[in-house]
Structure formats: C-alpha cells, structure tokens
Amino acid sequence: MERRKFRIISLIADIVILTVSFLAMIWTKPASLKSYLPSHTPFFLGLALMWIFVSLINGKMHRGKIINFASLFNRVLSSNIIAISITALVMYILRDYDYSRTIVLGTALLATMLELLFGSVYIAYKKA
C-alpha cells in the first residue's frame, strides 16, 4: 500500500473511531443525544482537529514509523495523551466548564483503546 493511500485510510479510520467513541459516550448518559450532542459538538470538533493534527505530527499515521507493537503503543498513547491534554488546556483557558467529564475523557479513552485494538490486529495481520 502506498504511503499516501495508507495515510488517507488511517486518517479516515481515526476520524471514524473518534466519532464512534464520542457517540458511544453520549449514549451512556441518561439524557442521550437530544441534549448532549448539540452542547458537546464544539468540544468534539476541537478534539477531532487536535487529534488529527497531533497524530500527523507524531507519526501515528505514517506507514514506516509503526513497525511493531511497541512503536504502535508508543505513538498511539503519546499522540492521544497530547491531543486530549491540549484540548483540556484550551477548555480551561476559555473557562468552558459545561462539558461532561464522562464524555470528554471517555471519548479519548475509548478511542485510544479502539485504535490500539485495530492497530494490533493490523500489525498481527501484516506480520503473519
């Protein structure tokens, strides 16, 4: 697979994983989509932009940089922790305290676990 094609596929997969994680965390709340989706959309958009930006800079979406399980865990964990930290810092600077901690932190945690799961399956398939 070419590098450009790999980067596009991993970018789309990253956005889908983050969106699924966000919707799954909203679904766990009692008020569900009607109240949380409109109020948490700015958080999600900011997180998604930061998530993609940090992932590209950190090398999470580069084909030649993730070659084994150790590099996968290192790149995914470091880029996701940096992205959620910067997003939380921006939310703190803007004094935006209206967001649910379950949704904010749960989205990042679930997305990280899903990325590690799918990345591990991909590496195991490639090494087999």
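1. I82 first. At 40% relative accessibility, I82 counts as partly exposed. The residue sits in helix 3, which covers residues 69-93. The model is a predicted one, and every value in this note should be read that way.

2. I82, I86, L89, V90, Y92, I93, L94 and Y97 make up a nonpolar surface patch. Together these residues have about 810 Å² of accessible area.

3. L94 lies in the loop between helix 3 and helix 4, the latter spanning 101-127. L94 is exposed, because its relative accessible area is 61% and the cut-off for exposed is over 50%. L94 and F73 are 21 residues apart in sequence. Their C-alpha atoms are 31 Å apart in space.

4. Now the overall fold. The protein chain has four helices and zero strands. Along the sequence the pattern reads α-α-α-α. The C-alpha atoms fill a box of roughly 45 × 30 × 25 Å along the principal axes. Of the 128 residues, 38% count as buried.

5. Charge on the surface. R3, R4, R7 and K65 gather in a patch of positive charge. R7 belongs to helix 1, residues 3-28. R7 counts as partly exposed, because its relative accessibility is 35%.

6. L23 is also in helix 1. Its relative accessible area is 38%, so L23 is partly exposed. L23 and S55 are 32 residues apart along the chain. Their C-alpha atoms are separated by 21 Å.

7. How many salt bridges does a search of the whole structure find? The search finds two. As background, side chains of opposite charge can pair when their charged atoms come close.

8. One of the bridges joins the side chains of D14 and K60, at 3.4 Å from N to O. The pair links distant parts of the chain, 46 residues apart. D14 is in helix 1, whereas K60 is in the loop between helix 2 (33-58) and helix 3.

9. Are D14 and K60 buried or exposed? D14 counts as buried, because its relative accessibility is 4%. K60 counts as buried too, at 9%. Both values fall under the 20% cut-off for buried residues.

10. K60 also forms a salt bridge with E115, with the closest N and O atoms 3.0 Å apart. This pair again links distant parts of the chain, 55 residues apart. K60 is in the loop between helix 2 and helix 3, and E115 is in helix 4. E115 is buried, because its relative accessible area is 7%. Through shared partners, the salt bridges join D14, K60 and E115 into one network.

11. To sum up the charges: the positive patch of R3, R4, R7 and K65 is on the surface. D14, K60 and E115 are buried.

Technical notes. Residues are numbered from 1 along each chain as its sequence is written. This is a predicted model: local features need pLDDT of at least 70, side-chain atom pairs count only at pLDDT 80 or more; totals for chains, interfaces and linings use all residues. Side-chain values use heavy atoms; hydrogens and water are left out. Patches are made of residues with over 30% relative accessible area and no salt bridge: like charges are joined within 9 Å, nonpolar side chains (Val, Leu, Ile, Met, Phe, Trp, Tyr) within 5 Å. Accessible areas come from the Shrake-Rupley method with a 1.4 Å probe; for residues, only the protein chains shown count as cover. A salt bridge is a side-chain nitrogen of Lys or Arg within 4 Å of a carboxyl oxygen of Asp or Glu. Lys and Arg count as positive and Asp and Glu as negative; His and the chain ends are not counted. The place of a charge is taken as NZ of Lys, CZ of Arg, CG of Asp or CD of Glu. Helices (H or I, at least four residues) and strands (E, at least two) are DSSP runs, numbered from the N terminus. Buried means under 20% relative accessible area, exposed over 50%, partly exposed in between (1.4 Å probe, protein chains only).
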